[in-house]
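Okay, thanks for coming, everyone. Let me put the model up on the screen and walk you through a few spots in it.

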Amino acid sequence: MLDKKDLLESLSELDQHGLIGFDGFIDELYSLVKERRSESHFEELRQMADFGSMVQAAVGKSANMEVIQKTVKAGGNGPIMANSLITLGAEVSYGGALGKRGIHPVFKDFSQACREVHSICDPAKTMALEFNDGKLMLCQLNDLYEINAENFKAFLSKQVETVDFFCFLNWTELPNLNGIY
């Protein structure tokens, strides 16, 4: 049995070409302000149950909750898996939702590391509220309906003939994935 070091060394020499797809997300990560003391000093809301209590207290009323954006980054199961395989030395062709009229800036470095990229729609978006005990992800998936067999037919036909492996991810959020399979 390989130990962790040997496994990482063997994987870092991965000499394969893979097709990965099909999602792409822009992940916006936020924390909620529990109490603001000044412009630069505030207490974060750290527990999901406290957030639930605040939402429950607002039933029948309105509520205003301040968010603090922590980061915006490339996300999605496909790009994350593909980027990991690239790091391990695999060549990756990626098909997915990285931008309709050009690659979205959050995917620039990733797309340049790929052998080939075929993007047919804008990425989905996730607004994630982060707590110490979990994360609430609010997803906007509308653009992912464009990911279908017809839009990938030519790209997939070419790739299936030339790759050593393929990996299709995030099937729960891609409504037309069965048609691609």
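Contact here means heavy atoms within 4.5 Å, and helices (H or I, at least four residues) and strands (E, at least two) are DSSP runs, numbered from the N terminus.

Quick housekeeping before I go on. This is a predicted model, where local features need pLDDT of at least 70, side-chain atom pairs count only at pLDDT 80 or more, and totals for chains, interfaces and linings use all residues. Numbering runs from 1 along each chain as its sequence is written, and side-chain values use heavy atoms, with hydrogens and water left out.

Back to α5, then. Which of its residues are buried? They are F152, F155, L156 and Q159, with buried meaning under 20% relative accessible area, exposed over 50%, and partly exposed in between (1.4 Å probe, protein chains only). As a reminder, an α-helix has 3.6 residues a turn, so residues three or four places apart point the same way.

The helix covers residues 149-162, so to speak 14 residues, and spans 19 Å from first C-alpha to last, close to the 20 Å expected at 1.5 Å a residue; that expected span is 1.5 Å times one less than the number of residues. There's also a kink of about 40° in α5, centred on F155. The bend at a residue is the angle between axes fitted to the seven residues ending there and the seven starting there. At the N-terminal end, N148 is the cap, with a side-chain oxygen 3.2 Å from the backbone nitrogen of E150.

Now over to G96, in strand β5. G96 counts as buried because its relative accessibility is 0%. Beyond its neighbours within four places in sequence, G96 is in contact with F22, D23, H118, S119, I120, C121 and F152. The C-alpha atoms of G96 and G21 are 5.4 Å apart, although 75 residues separate them along the chain. And look at G21 itself: the peptide bond from G21 to F22 is cis, with omega near 10°. F22 sits in the loop between β1 and β2.

Next, the largest pocket. It holds about 240 Å³ of space and is lined by 15 residues, with D27, G76, N77, T126 and M137 nearest its centre. Elements supplying at least two lining residues each include β2 (25-36), β4 (67-75) and α3 (77-87).

One of the residues in β4 is A74, which counts as partly exposed because its relative accessibility is 27%. Leaving out residues up to four places away in sequence, A74 touches F25, D27, V106 and F107.

E130 is in strand β7, and its side chain makes a polar contact with the side chain of K70, at 2.9 Å. A polar contact is a pair of N or O atoms within 3.5 Å; within protein, one must be able to donate a hydrogen and the other to accept it, and residues adjacent in sequence count only if both atoms are side-chain atoms.

K34 lies in strand β2. Is K34 buried or partly exposed? Partly exposed, because its relative accessibility is 47%. Setting aside residues up to four places away in sequence, K34 touches E43, E44, L45 and D50, and L45 is also among the residues that E130 touches.

Conventions
On a 1 Å grid over the protein atoms alone, a cavity is a set of points where a 1.4 Å probe fits but cannot get out, and a pocket is an open set with protein on both sides within 12 Å along at least five of seven lines; lining residues have an atom within 4 Å of a point. Grid points are joined across faces, edges and corners, and a volume is the space filled by probe spheres set on the points.
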